[in-house]
Structures are given as structure tokens and as C-alpha cells.
Amino acid sequence: MHALDWVIVAVYLVYVLVDGVRRSKGTREIEGYFLANRSLPWWAVGLSVMATQLSAITLIGTTGQGATDGLRFVQFYFGLPLAMVILGVTLVPFLHGARVFTAYEYLERRFDARTRSLTSFLFLVARGMSCGTIIAAPAVVFSAIFGWGLLWSVALMGVPTVIYTMIGGVQAVTWVDVKQMGLIVFAVIAVIVTLFVQLPVAPDHALALAGATGRLRAFDFSLDLTNDFTFWSGLIGGTFLMLSYFGTDQSQVQRYITAKSVDQARSSLLMSAYWKIPLQALILLMGVLVFVFFVFQRPPLLFNPAQEQAVRAAEPAKYGGLDERYRTALHERETAAHAVAVEASAASLEAFRAREADVGALRTEALGLARRVTGTTAQDVNYVMPYFVLHFLPVGLIGIFVAAVLAAAMSSIAAELNSLATVTVIDFYRRWVRPEAPDAHYLLVSKAATGFWGLFACVVAMFAATLGSLIVVVNRFGSFFYGSILGVFLLAMIPRARATGAFFGLIAGMAAVGVVNFGAPSVSWLWHNVIGAVTVVAVGMVLSGRANVEVGTRNAEQK
Amino acid sequence: MSDTPAPDHASRLFRRTLLRVIAMQVATLLLLWLLQIRYTR
């Protein structure tokens with residue numbers, strides 16, 4: 001990277017740190033530290049919700065997904081706007097009106113302490129682990145492309161985020177998120193414009209090439225439960241996942257309960273609904289255009305430089321031969337692409353498709369070789385975008401994009417640390433250890449809790465990075481809880497539901513997801529959220545019905 | 001003076017934002033659909 005790019009990254013890091021710490025002024029009470037005294041405007045909360053959900057992996061991994069797989073991933077978000085509208089008229093008024101610090105605090109008021117504690121414990125376990133993977137995923141990529149030790153990459157993202165979150169609390173998290181979101185959107189638009197300018201063919205031909213390989217197929221209406229991304233899994237499974245994520249996950253709930261009023265909280269969620277699908281489609285389109293760009297600029301056989309080095313050292317002859325065949329295939333694909341640019345006929349598109357299949361087959365062969373040599377999962381989808389950024393973007397824009405990736409990572413980490421600290425202090429420390437203490441004491445404990453979770457996340461990140469499959473495990477692990485936790489909150493809104501039903505319903509929901517996960521592993525994990533939520537509500541209502549009958553019998557006997 | 005908006009104003013803001021959300025989603029999905037049918041052959 002050019003010195004100017006490093007300066008841009010350094011300026012960004014210093015600015016974020018100073019701005020975040022500056023926000024700590026006036027934070028003397030726990031309500032100010034965790035909820036900004038419920039004084040934040042809806043647009044700032046909305047941008048913060050969006051920034052929290054958009055992690056570094058969205059910028060690195062989703063673009064890579066767009067380059068290799070096309071737009072179909074966008075279906076994953078089809079349920080989001082619907083979920084936001086449902087939450088806006090159901091859960092948000094409940095939680096904002098209840099004047100709670102955490103979503104789980106409300107569960108004790110509605111049911112009992114054990115349901116609150118179990119739900120908040122599940123949140124701490126799932127979020128604590130996922131916070132580590134949010135740091136690990138971009139840290140691994142940074143280490144590979146810059147040749148740094150993993151510790152330095154983790155520290156680059158973790159240390160400034162922990163400092164400003166610890167000192168500034170939710171005010172710092174939200175206002176820094178607003179600026180980070182602005183930077184991310186600017187970087188995405190700048191890269192898309194640059195891509196269109198740098199492509200040697202007209203935009204119409206570029207899209208024709210992408211379309212010929214199926215990369216512009218955004219809709220798949222098949223009813224295949226084993227397919228991760230279809231219109232129906234996105235709309236139904238996605239709605240449940242988003243309802244659970246935005247309605248019951250403290251890292252999201254804490255954003256909108258800081259709004260000035262219920263209507264402002266609802267508007268902030270709708271703002272996120274407004275932008276989410278267009279923004280994700282843009283990010284995926286950026287990946288699709290990177291694919292077209294690499295049709296005319298020869299990409300490497302393996303995008304992960306560390307992996308390529310290892311394979312080249314272990315199997316020089318085999319890799320050399322494969323690389324030579326790859327170069328020939330790339331040349332033939334480029335020639336076919338130019339023919340499409342001259343005349344986009346069915347024959348020229350078919351020829352391009354066939355050459356693209358040759359290139360794809362050689363890449364699969366190389367990845368298989370890398371898997372055998374390194375002994376790890378050799379998917380290099382996360383390295384496609386970094387390779388493009390570092391080799392083909394103009395000086396200055398590289399720095400802006402790297403800063404945007406850091407911003408995306410830091411905004412998610414900060415929100416998670418803040419919410420983990422809130423749940424630790426409010427749902428455990430203040431509930432079970434020190435129920436009565438001055439605000440200054442809780443403020444101190446809250447800062448210590450933020451620091452602890454920051455350290456915990458960094459340690460998890462180091463392990464998650466070395467055990468590649470752990471990231472998959474953690475994601476599947478998280479999907480055990482989301483639907484079930486949503487089910488408990490749905491029960492909370494049903495007047496006849498009782499505490500026993502909620503507690504055992506929650507356990508039954510997780511068990512049901514476990515049975516499906518291990519018994520029918522081919523069922524897409526998006527459906528786990530539906531299964532969990534439905535089981536909790538069904539079991540919860542049956543048990544609540546029995547509890548109601550028992551209470552009724554007791555009352556009759558007493559009379 | 002409080003800077004919290006009046007309830008009527010806030011409700012109007014919510015309804016207006018809701019309409020915009022629906023319009024934006026319909027427009028985006030339509031655009032993606034057109035992109036798919038125009039270029040996927």
C-alpha cells in the first residue's frame with residue numbers, strides 16, 4: 001500500500017478514537033452510559049442499527065460471494081423489511097415503553113427471574129463467541145494480505161474499539177457508527193464507479209457477461225429446503241431470523257431503546273429496512289463487477305497469498321502446470337468476452353459460458369490441491385476483494401476502502417461489547433450480586449465489563465482464526481438460540497402464556513433445533529429459526545394451558 | 001422547552017417512513033427482477 005493510503009487509515013483510526021472518547025463527556029450515570037438517557041435522534045439510531053449489522057465480512061466476504069456466486073445471496077435479506085415493520089408495531093412499543101435497560105429485563109417482569117437469566121445467559125454465550133469471530137474473520141484476511149502476525153491484526157481492530165466503547169459507552173458507539181456508516185457507503189459507491197470506469201467494455205456488455213454466467217440471478221423461487229438462498233427461505237426463514245435478531249438481540253435492541261420516543265425508535269428501524277436490500281444489492285453488484293473486471297485482468301489461481309505460497313513450495317511442478325493451463329484458459333475466456341462485446345449473440349454468450357466453466361474447473365482443482373497441502377478449508381472467497389482493492393484501485397481509494405473495512409468491523413464490535421457489558425451488569429451483577437449500589441459503582445463495573453468482553457473477544461478471535469471451521473461452528477451454534485429466544489418474546493406478548501411455559505418452552509425450542517441440526521443436517525440453517533420459534537410458542541402454550549388449569553382448580557378449591 | 005417531537009408529528013414521521021420503505025423495497029426488487037430477466041440467458 002502507498003504511504004498516502006496508510007496516512008488515510010491512520011487518520012481514520014485516530015479520528016474514531018478521539019471522537020469516541022469525546023462522547024464520554026456528561027456520562028456520569030448508568031442510564032447515560034448504556035442508554036444515552038434515551039435522547040438520541042431516530043436517524044442516528046437508524047444509521048447505528050445499520051452499521052452494527054454491517055460487519056467487515058459484509059464488505060470482504062459478501063463482495064467475494066458476489067464475484068463467485070452472483071446476486072442470489074440478496075434473497076437472505078428479503079425478510080428484513082417485513083420483520084422491521086412487524087417489530088415496529090409489536091415489540092418496539094413494548095420494550096421502549098417498559099423503560100428497560102435490556103430486552104431480557106422485560107422477561108422477568110412478564111415471566112420470572114429464571115427465564116430472564118437463561119435467555120440473557122444464552123445471549124452472553126452466543127454473542128461473546130460471535131464477537132470474537134467478527135474480529136477474527138477480517139483479521140485473518142489482513143494478516144494474509146499484509147503479512148502481519150495475527151495478534152497485530154486483532155489488536156488493530158480490537159484495541160481502539162475497546163477503548164472508545166469502554167470510555168464513551170453507547171453515545172460513543174452510536175455517534176461513531178454514524179460516521180463509520182457514511183464512510184462505508186462512500187467507499188462502496190466510489191469502488192463501483194471506479195469499476196465501471198476501469199472496465200474495457202460498456203456497462204451493458206459487462207452486465208451481459210455477468211448475466212451469461214448466472215451471476216445476475218437474484219431470484220430463485222424453488223421450494224428446496226436444502227438450498228440456503230431461495231426466495232422462500234429468505235422471506236420466511238429470513239423474517240424469523242431478522243425478527244429474532246432485531247427484536248431480541250441486545251446488541252440491536254440497545255440501539256433503538258436509546259431513541260427519544262417509541263415513534264422515533266420505530267422510525268430508526270424502518271430506516272434500516274429502507275436501505276438494507278438496496279445496500280446489500282449494491283455490495284453484491286460490486287462483487288459481480290469485480291468478476292467481470294477479472295475477465296479482462298488476469299487474476300491469480302489462488303487469491304489467498306499465504307495459501308498460494310504454501311502450495312507453490314510443496315507442489316511446485318503440479319502447481320506450475322496448473323497455473324500454465326489456467327493462464328491459457330483465462331486468455332481464451334477473455335477472447336470470448338471480447339466477442340460478446342462485439343456482438344452479444346446466443347452463440348458468443350454460449351462460447352463465453354464454456355470458457356468460464358473451464359476457468360472455474362481449474363480453480364476448483366487448485367483449491368483441492370491447496371486443501372490437501374495446507375490441510376484446511378481452502379475457500380478463498382474472502383480474498384477476492386482484498387486482491388482487487390490492493391492491486392487495481394487508485395492510490396487514496398485503497399486507503400479509504402481499508403478504512404471502510406475497519407469501520408465496518410469496529411462498528412459491529414463496539415455495539416456487541418456495549419450490549420455484552422449491559423447484560424452482564426444489568427441482568428447478572430445488579431440482579432444477583434449487588435442490587436443496591438450508587439451509579440458511580442455500576443458505571444465503574446460497566447467499564448470493567450466492557451474491557452473484559454473486549455479481551456475475551458480478542459482471545460476468541462485468536463482461536464477462531466487458527467481453527468477455521470470454528471467460525472462455521474459458532475454460526476451454527478448461534479442459530480440454535482435465535483429462533484427459541486424469539487419464541488420466548490412472542491410468548492411474552494400472549495396474555496395466557498405463563499412463566500413455566502416460557503422456561504420449558506425455551507429449552508424445548510433449543511432441543512428441537514438440536515434434533516433437526518443433527519438429525520437432518522441438510523435442512524438449511526435459516527429454517528432453524530422458524531423451527532425454534534414455533535416449538536417454543538407451541539410447547540409454551542401447552543404448558544401454560546396446564547398451568548392455567550391448575551391455578552383455576554386451586555382457586556376453585558380455596559373458594 | 002423539550003426537543004422531543006409532539007406525538008402527532010412523530011406518528012406522521014413513522015407513517016411517512018413506512019410508505020417510503022415499501023416504495024423503496026418494491027423499486028429495488030423490480031430493478032433486480034429486470035436485471036435478471038434482461039441479462040440472464
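**Exercise 1. Describe the overall fold of chain A.**

Start with the contacts: in chain A, of those joining residues at least 6 apart in sequence, 85% link residues at least 24 apart. Two residues are in contact if their C-beta atoms, placed from the backbone, lie within 7 Å. A word on the source: this is a predicted model, in which local features need pLDDT of at least 70, side-chain atom pairs count only at pLDDT 80 or more, and totals for chains, interfaces and linings use all residues. Residues are numbered from 1 along each chain as its sequence is written, while chains are lettered from A and ligands numbered from 1 in the order in which they are written.

Next, take the secondary structure. Chain A has 22 helices and 0 strands; helices (H or I, at least four residues) and strands (E, at least two) are DSSP runs, numbered from the N terminus.

Then check the overall dimensions. The C-alpha trace of chain A spans about 90 × 50 × 45 Å along its principal axes.

Finish with burial: 56% of the 559 residues of chain A count as buried. Buried means 20 or more other C-beta atoms within 10 Å of a residue's own, exposed means 12 or fewer, and partly exposed is in between, with C-beta atoms placed from the backbone.

**Exercise 2. Work out how α1(A) and α9(A) pack.**

First, the geometry. Helix α1 (residues 3-22) and helix α9 (residues 150-198) of chain A pack at about 95 degrees, with axes 7 Å apart. That makes α1(A) roughly perpendicular to α9(A), a label for angles of 65 to 115 degrees.

Second, the residues. Among those making the contact are A:L13, A:V16 and A:L17 of α1(A), and A:I163, A:Y164 and A:W175 of α9(A).

Third, their classes: 11 nonpolar, 2 polar and 2 charged residues. Here Ala, Val, Leu, Ile, Met, Phe, Trp, Tyr, Cys and Pro count as nonpolar, Asp, Glu, Lys and Arg as charged, and the others, Gly among them, as polar.

**Exercise 3. Is α4(A) enclosed or open to the outside?**

Begin with its length. Helix α4 (residues 56-69) of chain A has 14 residues and reaches 19 Å from its first C-alpha to its last, close to the 20 Å expected; that expected span is 1.5 Å times one less than the number of residues.

Now count: 12 of the 14 residues are buried, so α4(A) is largely enclosed by the rest of the structure. Its cover includes α8 (113-146), α13 (262-296), α17 (384-392) and α18 (397-433) of chain A. After the helix comes A:G70, with a positive phi near 90 degrees.

**Exercise 4. Compare A:A36 with A:N37.**

Recall that most residues other than glycine have a negative phi. A:A36 has a positive phi near 50 degrees, and A:N37 has one near 55 degrees.

Locate them: A:A36 is in the loop between α2 (30-35) and α3 (42-53) of chain A, and A:N37 lies in the loop between α2 and α3.

Then look at the surroundings. A:A36 is buried, with 26 other C-beta atoms within 10 Å, whereas A:N37, with 16 C-beta neighbours inside 10 Å, counts as partly exposed.

Key
Axes are lines fitted to C-alpha atoms, for helices over the stretch in contact, and angles run from 0 to 180 degrees between N-to-C directions. Angles under 35 degrees count as roughly parallel, over 145 as roughly antiparallel, 65 to 115 as roughly perpendicular and the rest as oblique.
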